[in-house]
Amino acid sequence: MSSEIKFENPYSKLPGLLTSEELMDKAIRRAKRARRGKRNIRAAERTMLLTTSNILSDNLKNIIRNFPSLNMLPPFYLELTDLLIGVDRLKISLSSINWAAEKINAIARSALRDMRKMDPKTVRRSAFGRIGSIMREISGDIDLLSETREIFRRLPSFRDCPTAAVAGFANVGKSSFVRSISSAKPVIAEYPFTTQAISVGEIRYRGEIYQIIDTPGLLDRPLGERNEIEMQAILALKNLTDLIVFIIDPSETCGYSMIEQTHLLDEIGHSFNLPILVISNKADLGEKFEGSNLTVSATTGEGIDDARRLILDELDRLKIKEDNKTYFKP
Ligand SMILES: Nc1nc2c(ncn2[C@@H]2O[C@H](COP(=O)(O)OP(=O)(O)OP(=O)(O)O)[C@@H](O)[C@H]2O)c(=O)[nH]1
Ligand SMILES: [Mg+2]
């Protein structure tokens with residue numbers, strides 16, 4: 001079975017960005033250094049102008065080149081980017097930065113021409129003024145890219161392997177369950193940009209790799225009313241998983257009634273065209289739910305081995321179905 005990365009986090013390798021002000025400082029520092037030793041004023045001013053404009057436009061172009069191409073993002077990351085930042089906002093910022101790089105070069109070219117007939121220092125100063133105001137104009141755009149990087153940097157990458165995702169109300173024990181069925185040293189990546197975070201645990205079993213995604217808790221309400229935290233769970237279910245493991249807490253110590261929880265289960269069943277295993281958690285508290293496939297306690301470990309086997313067998317079964325589908329394709 002292949003375990004190459006299926007959805008590499010497109011933001012994971014994005015280098016840190018200097019702010020617009022830091023870029024300007026860096027360019028001017030270098031320009032002053034480059035000016036040293038120049039014989040006459042005109043040569044010194046030309047060097048200063050060219051160094052500054054080249055450094056700025058190269059850095060701005062690099063920012064754009066290094067940023068993941070929004071049109072190529074895997075659906076999960078694209079939808080999450082749109083949810084948390086806004087794809088249109090990002091596109092506007094990227095094109096403003098590109099505009100700034102070109103504009104700075106154009107200002108430098110025209111100033112170089114002016115230096116032939118006018119006082120070079122005056123011309124250079126005025127060009128610096130214009131360049132500075134362009135850099136100030138795009139400072140919010142650079143900040144938006146930095147913010148995107150910060151938010152997405154610790155998002156996990158997802159392997160190309162059979163994948164289950166837990167879902168359920170908040171506090172039912174989803175994370176406890178994922179931790180208890182993942183291997184002794186699970187690879188769990190978390191990104192704490194909210195109080196709740198998606199994480200991925202690996203399970204190695206019978207020589208195969210499987211992955212289980214922990215999602216933030218859901219409430220029973222219409223899609224349009226879901227907040228950003230819940231929407232992450234919805235996007236993970238929609239884009240990343242082969243199987244939903246719905247965790248129910250019949251003890252209701254999670255704070256939500258069984259009526260609410262089973263209603264959410266029905267909603268999830270209607271909303272996603274995916275098989276669902278229903279696992280009833282917190283068995284140690286003595287309550288059971290007849291409608292579940294299995295009863296476990298993530299705390300005591302009761303039923304956890306059976307749950308792992310049930311999930312992995314189901315993933316294997318789904319994979320065989322999927323392989324057959326591929327086989328019958330023309
Ligand atoms: N008694 C008992 N408590 C449990 C069990 N599993 C989880 N808990 C408790 O339930 C609470 C919530 O557990 P989490 O695993 O954080 O629940 P969650 O569904 O991931 O919660 P959210 O991330 O907020 O959606 C914690 O206090 C756990 O200790 C269990 O099997 N038995
Ligand atoms: Mg959790």
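In which helix does Lys 91 lie?

Reply: This is a predicted model. Lys 91 lies in helix H4, which covers residues 87-114. Lys 91 has 12 C-beta neighbours inside 10 Å. A residue with 12 or fewer such neighbours counts as exposed, so Lys 91 is exposed. The C-alpha atom of Lys 91 is 7.9 Å from that of Leu 70, although the two residues are 21 apart along the chain.

Another helix, H3, spans residues 75-84 and can be described together with H8, residues 228-239. The axes of H3 and H8 come within 10 Å of each other and cross at roughly 165 degrees. An angle over 145 degrees counts as roughly antiparallel, and therefore H3 is roughly antiparallel to H8. The crossing of H3 past H8 is right-handed. On the H3 side, the contact is made by Pro 75, Phe 76, Glu 79, Leu 80, Leu 83 and Leu 84. On the H8 side, the residues are Glu 228, Met 231, Gln 232, Leu 235 and Asn 239. Sorted by class, this contact holds seven nonpolar, two polar and two charged residues.

The next topic is backbone angles. Most residues other than glycine have a negative phi. Glu 252 has a positive phi, near 60 degrees. Glu 252 sits in the loop between strand E7 (243-248) and helix H9 (258-271). With 18 other C-beta atoms within 10 Å, Glu 252 is partly exposed.

Lys 282 also has a positive phi, near 65 degrees. Its loop is the one between strand E8 (276-280) and strand E9 (294-295). Lys 282 has 24 C-beta neighbours inside 10 Å. The cut-off for a buried residue is 20 or more, so Lys 282 counts as buried.

A positive phi is found in a hairpin turn too. Strands E5 and E6 form this hairpin, with two residues between them. In the turn, Arg 206 has a positive phi of about 50 degrees. E5 covers residues 199-205 and E6 covers residues 208-214. The two strands pair in the antiparallel sense over seven bridges. Within this pairing, Gly 201 stands opposite Ile 212 of E6. In a regular strand the side chains alternate between the two faces of the sheet.

Notes:
Residues are numbered from 1 along each chain as its sequence is written. Chains are lettered from A and ligands numbered from 1 in the order in which they are written. This is a predicted model: local features need pLDDT of at least 70, side-chain atom pairs count only at pLDDT 80 or more; totals for chains, interfaces and linings use all residues. Axes are lines fitted to C-alpha atoms, for helices over the stretch in contact, and angles run from 0 to 180 degrees between N-to-C directions. Helices (H or I, at least four residues) and strands (E, at least two) are DSSP runs, numbered from the N terminus. Angles under 35 degrees count as roughly parallel, over 145 as roughly antiparallel, 65 to 115 as roughly perpendicular and the rest as oblique. A crossing is left-handed if the near helix is turned anticlockwise from the far one by less than a right angle, and right-handed if clockwise. Two residues are in contact if their C-beta atoms, placed from the backbone, lie within 7 Å. Ala, Val, Leu, Ile, Met, Phe, Trp, Tyr, Cys and Pro count as nonpolar, Asp, Glu, Lys and Arg as charged, and the others, Gly among them, as polar. Two strands pair if DSSP finds at least two bridges between them.
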